[in-house]
Amino acid sequence: MTTTSDASNAPQTADGRPSARRLLIVGPPGAGKGTQAARLAQELAIPAISTGDIFRANVSGQTELGVLAKSYMDKGEYVPDSVTNDMVRSRLDEDDARDGFLLDGYPRTLDQVEALDGMLTELGSELDAVLLLVVETDAVIERLVARGQEQGRSDDTEETIRRRLEVYAEQTAPLIDVYDKRGLVRRVDGMASIDQVTASLRDALGA
Ligand code: AMP
């Protein structure tokens, strides 16, 4: 069994895959979580599970969940915990998440941390690491404004971006302390190039 040379320093399971496979990626809006989650998950052969993407798919599909989620997303507010937790619970129950997952954009509140703890206990597993992308606020605002123009995301307007950053600081940044106390947080400089950030994340998992 071969692995990519970049992952060769990481602790590995018997089949040659890195052993850290139940992961979160955390950071403010615009930190690059989605881009990095997709890359890392592919390398680790685990699903990247983005709550934002699942909400957006529901918005596009005009489902009941999508209509509800949109009313919060467009204001830069969080979708209620009970709705979000139920959605993640059913996603983690799917077969492809049994051997690992990379959650992107979840948990975002202390209530969600507790809910995730409960889900993992039920599944008989626990988190291996929390990857934190460290970025500068001014730079992420610029990135998000650019993304809004390129991709037409309705929550990437300057007003909504500012609100999303406030909500992140109020409700999500405190989670880092919680996971720090558990010794799970691995900090990575998110201001480097996309390839460099991916390499640092890989290293962080090997550490
Ligand atoms: P994202 O793509 O992760 O930036 O998420 C876009 C939007 O989806 C957020 O601004 C929230 O409105 C909603 N959202 C995504 N994940 C969550 C979550 N874990 N809890 C509540 N709302 C969320």
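β1 (22–26), α1 (33–44), β2 (48–50), α2, α6 (137–151), α7 (158–181) and α8 (194–206) each give at least two residues to its lining. Those labels are DSSP runs, numbered from the N terminus: helices are H or I with at least four residues, strands are E with at least two.

A word on the source. This is a predicted model, where local features need pLDDT of at least 70 and side-chain atom pairs count only at pLDDT 80 or more, while totals for chains, interfaces and linings use all residues. Residues are numbered from 1 along each chain as its sequence is written, and side-chain values use heavy atoms, with hydrogens and water left out.

Back to the pocket. What counts as one? On a 1 Å grid over the protein atoms alone, a pocket is an open set of points where a 1.4 Å probe fits, with protein on both sides within 12 Å along at least five of seven lines; lining residues have an atom within 4 Å of a point. The largest pocket holds about 1100 Å³ of space, a volume being the space filled by probe spheres set on the points, which are joined across faces, edges and corners. It has 50 lining residues, and Gly-30, Lys-33, Gly-34, Arg-147 and Arg-153 are closest to its centre. Helix α1 supplies the largest share of the lining, 6 residues. By class, the lining has 22 nonpolar, 17 polar and 11 charged residues.

Now the ligand. Where does the ligand sit? In the largest pocket, meaning more than half of its atoms lie within 2 Å of the grid points. There are 16 residues around the ligand, and Thr-51, Arg-56, Glu-77, Gly-105 and Arg-108 come nearest; a residue counts if a heavy atom lies within 4 Å. Helix α2 (residues 51–60) gives the largest share of that shell, 4 residues.

Next, polar contacts, pairs of N or O atoms within 3.5 Å. A ligand nitrogen is 2.7 Å from a side-chain N or O atom of Thr-51. For a polar side-chain atom of Arg-108, the distance to a ligand nitrogen is 2.8 Å. The protein buries 96% of the 470 Å² that the ligand exposes taken alone, by the Shrake-Rupley method with a 1.4 Å probe.

Last, the backbone. Tyr-106 and Pro-107 are joined by a cis peptide bond, with omega about -5 degrees. Pro-107 is in the loop between β3 (101–104) and α5 (110–123).

Terms used:
A polar contact is a pair of N or O atoms within 3.5 Å; within protein, one must be able to donate a hydrogen and the other to accept it, and residues adjacent in sequence count only if both atoms are side-chain atoms. Ala, Val, Leu, Ile, Met, Phe, Trp, Tyr, Cys and Pro count as nonpolar, Asp, Glu, Lys and Arg as charged, and the others, Gly among them, as polar.
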